Amino acid sequence: MLAALDCESTGLALFHSDLPFMLCITYEDKRQETYEWPVDPFTRIPTYSLDDLYEIVCLLEDPKYTWVLHNAGFDTRCIEVAIQSYIHVNDIIIDELPRMFPNKQKVLRIANWSPLEFLGKAHDTMLMSHAYDNLGSHGLKDL
């Protein structure tokens, strides 16, 4: 089954403090799921939900889906940044999680998600467009 994913962020500089605040998935059968996290208006830092991140990672790892993204590197980085931010904000040290830590399995699952493995299975419309016609526009609206 095909599924398309898109992330929105507070800006395009994910390596310089911009953070994702929304992730949308559209399935082949026209179903849609949207994960939106509230953003503090003063700090511009979203509050991520462990349950949302866990659900997203489980979907991305589900072999029944073939993923299609536009600029897959950016969207994958958004997910990775959201996970890292959740772990940092909640002061979680993965190697020191106590045996009885609440939601330990969920935290370990999201922390061990492999963006490179996901990218290796995702289809990127921007890269496909470039391979087809390297002189044309590769913007989402134009495609």
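Guide: Two strands are said to pair if DSSP finds at least two bridges between them. The structure shown above is a predicted model.

Visitor: How many helices and strands does the secondary structure of the chain come to?

Guide: Along the sequence, the elements follow the pattern β-β-β-α-β-α-α-α-β-α. The totals for the chain are five helices and five strands.

Visitor: How many residues lie between β2 and β3 in their hairpin?

Guide: Strand β2 pairs with strand β3, residues 32-36, in the antiparallel sense over five bridges. Within this pairing, threonine 26 stands opposite glutamine 32 of β3. The two strands form a hairpin, and the number of residues between them is four.

Visitor: Is lysine 30 buried or exposed?

Guide: Lysine 30 belongs to the loop between β2 and β3. Its phi is near 75 degrees, a positive value in a residue other than glycine. Buried means under 20% relative accessible area and exposed means over 50%. Because its relative accessibility is 70%, lysine 30 counts as exposed.

Visitor: In which direction do β1 and β2 run, parallel or antiparallel?

Guide: In general, strands of a sheet pair through backbone hydrogen bonds, and they may do so in either sense. Here seven bridges join β1, residues 2-9, to β2, residues 20-27.

Visitor: Which residue of β4 stands opposite leucine 5?

Guide: Strand β1 is joined to β4, residues 66-69, by four bridges, and these two strands run parallel. In β4, the residue opposite leucine 5 is leucine 69.

Visitor: Which strands are the edge strands of the sheet?

Guide: The five strands form an open sheet with mixed pairing, in the order β3-β2-β1-β4-β5. An edge strand pairs on one side only. The two that do so are β3 and β5.

Visitor: Which strands does helix α2 touch?

Guide: Helix α1 lies across β1, β2, β3 and β4, and runs at about 140 degrees to β3. Helix α2, residues 72-89, also packs on the sheet, with its direction at about 65 degrees to that of β1. The strands that α2 touches are β1, β2, β4 and β5.

Visitor: Is asparagine 71 buried or partly exposed?

Guide: Asparagine 71 is located in the loop between β4 and α2. Its phi is near 65 degrees, again a positive value in a residue other than glycine. With 28% relative accessibility, asparagine 71 counts as partly exposed.

Visitor: Which residues does serine 9 touch, not counting residues up to four places away in sequence?

Guide: Serine 9 is part of strand β1. At 17% relative accessibility, this residue counts as buried. Leaving out residues up to four places away in sequence, its contacts are Leu14, Leu19, Pro20, Phe21, Phe74 and Cys78.

Visitor: How is the pair of tryptophan 37 and tyrosine 48 classed?

Guide: The chain has five aromatic pairs by the rule applied to ring centres. In this pair the ring centres are 5.1 Å apart and the planes lie at 65 degrees. Planes over 60 degrees apart count in one class, and therefore the pair is edge-to-face.

Visitor: Is tryptophan 37 buried or exposed?

Guide: Tryptophan 37 and tyrosine 48 both lie in the loop between β3 and α1, 11 residues apart. Tyrosine 48 has 8% relative accessibility and counts as buried. Since its own relative accessible area is 4%, tryptophan 37 is likewise buried.

Visitor: Which residues form one aromatic cluster?

Guide: Tryptophan 113 and phenylalanine 118 make a tilted aromatic pair, at 6.0 Å from centre to centre with 45 degrees between the planes. Tryptophan 113 is buried at 7% relative accessibility, and phenylalanine 118 is buried at 3%. Both belong to one aromatic cluster, formed by Tyr27, Tyr65, Trp67, Trp113 and Phe118.

Visitor: How far from the ring centre of tyrosine 27 is arginine 31?

Guide: Tyrosine 27 is one of the members of the aromatic cluster. Arginine 31 lies over the face of tyrosine 27, and its distance from the ring centre is 4.1 Å.

Visitor: What percentage of the residues in the chain is buried?

Guide: The chain exposes about 8900 Å², of which carbon and sulfur atoms supply 56%. Of its 143 residues, the buried share is 37%.

Notes: Residues numbered from 1 in each chain as written. Predicted model: local features only at pLDDT ≥ 70, side-chain atom pairs only at ≥ 80, totals over all residues. Heavy atoms only, no water. Phe/Tyr/Trp six-rings, centres within 6.5 Å; stacked < 30°, edge-to-face > 60°. Buried < 20%, exposed > 50% of the residue type's maximum accessible area, 1.4 Å probe, protein only. Lys NZ or Arg CZ within 6 Å of the ring centre and 35° of its normal. Contact = heavy atoms within 4.5 Å. Axes fitted to C-alpha atoms, helices over the stretch in contact; angles between N-to-C directions. Areas by Shrake-Rupley, 256 points an atom, 1.4 Å probe, with all protein chains shown as cover.
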